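Colleague: I am new to this one. Could you walk me through it, feature by feature?

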Amino acid sequence: MILLKVDDRKFGKSNIKYSIVNKETDELINSGVFEEFGEASDKYYELKDEYGSSNVKMVLK
């Protein structure tokens, strides 16, 4: 299971921190900053295409 963790305290603002983590191994796959929240949605669908739709979840933290 791949988790896209997004800092929702910045919802509607810029410079939103995110991390992509393999839930089973706790391995950090990628992290960074989105300029706007819409990029989180784009990344979510990109990950679903790459890993399969049932293997990806977005978590707002």
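Colleague: Let me start with the helix. Which strands do the buried residues of H1 pack against?

Modeller: One caution before that: this is a predicted model. The buried residues of H1 pack against strand S1 (2-6), strand S2 (16-22), strand S3 (27-34) and strand S4 (56-60).

Colleague: Which residues of H1 are buried?

Modeller: They are Ala 40, Lys 43, Tyr 44 and Leu 47. Looking down the axis of H1, you find these buried residues within an arc of 105 degrees, so they line one face of the helix.

Colleague: Which exposed residues does the face turned away from the buried side carry?

Modeller: That face of H1 carries Asp 42 and Asp 49, both exposed.

Colleague: What span should helix H1 have, at 1.5 Å a residue?

Modeller: Helix H1 covers residues 38-51, which is 14 residues.

Colleague: How does the radius of gyration of the protein compare with that of a compact globule?

Modeller: For 61 residues, a compact globule would have a radius of gyration near 10 Å. The protein has 11 Å, which agrees. Its C-alpha atoms fill a box of roughly 30 × 20 × 15 Å along the principal axes.

Colleague: What share of the residues count as buried?

Modeller: Of the 61 residues, 30% do. Contacts tell you about sequence separation as well. Take those between residues at least 6 apart in sequence: 34% of them join residues at least 24 apart.

Colleague: How is a pair of aromatic rings described?

Modeller: By the distance of the centres and the angle of the planes. This structure holds two aromatic pairs. In one of them, the rings of Tyr 18 and Phe 34 have centres 4.0 Å apart and planes at 10 degrees, so the pair is stacked.

Colleague: Where do Tyr 18 and Phe 34 lie?

Modeller: Tyr 18 is in strand S2 and Phe 34 in strand S3, so the pair ties together parts 16 residues apart in sequence. Buried means under 20% relative accessible area. Tyr 18 is buried at 11%. Phe 34 is buried too, at 4%.

Colleague: And the rings of Tyr 44 and Tyr 45: what kind of pair do they make?

Modeller: Their centres are 5.3 Å apart and their planes stand at 70 degrees, so this pair is edge-to-face. Tyr 44 is buried, with a relative accessible area of 18%. Tyr 45 has 47% relative accessibility, so it counts as partly exposed.

Colleague: Which backbone atom lies 3.0 Å from a polar atom of the Asn 22 side chain?

Modeller: The backbone nitrogen of Glu 24.

Colleague: Which residues is Asn 22 in contact with, leaving aside its neighbours within four places in sequence?

Modeller: Those contacts are with Met 1, Ile 2, Glu 27 and Ile 29.

Definitions and conventions
Residues are numbered from 1 along each chain as its sequence is written. This is a predicted model: local features need pLDDT of at least 70, side-chain atom pairs count only at pLDDT 80 or more; totals for chains, interfaces and linings use all residues. Side-chain values use heavy atoms; hydrogens and water are left out. Helices (H or I, at least four residues) and strands (E, at least two) are DSSP runs, numbered from the N terminus. The expected span of a helix is 1.5 Å times one less than its number of residues. Buried means under 20% relative accessible area, exposed over 50%, partly exposed in between (1.4 Å probe, protein chains only). The arc is that of the directions from the helix axis to the C-beta atoms. Contact means heavy atoms within 4.5 Å. Rings of Phe, Tyr and Trp (its six-membered ring) pair if their centres lie within 6.5 Å; planes under 30 degrees apart count as stacked, over 60 as edge-to-face and the rest as tilted. A polar contact is a pair of N or O atoms within 3.5 Å; within protein, one must be able to donate a hydrogen and the other to accept it, and residues adjacent in sequence count only if both atoms are side-chain atoms. The radius of gyration is taken over C-alpha atoms; the globule rule is 2.2 Å times the number of residues to the power 0.38.
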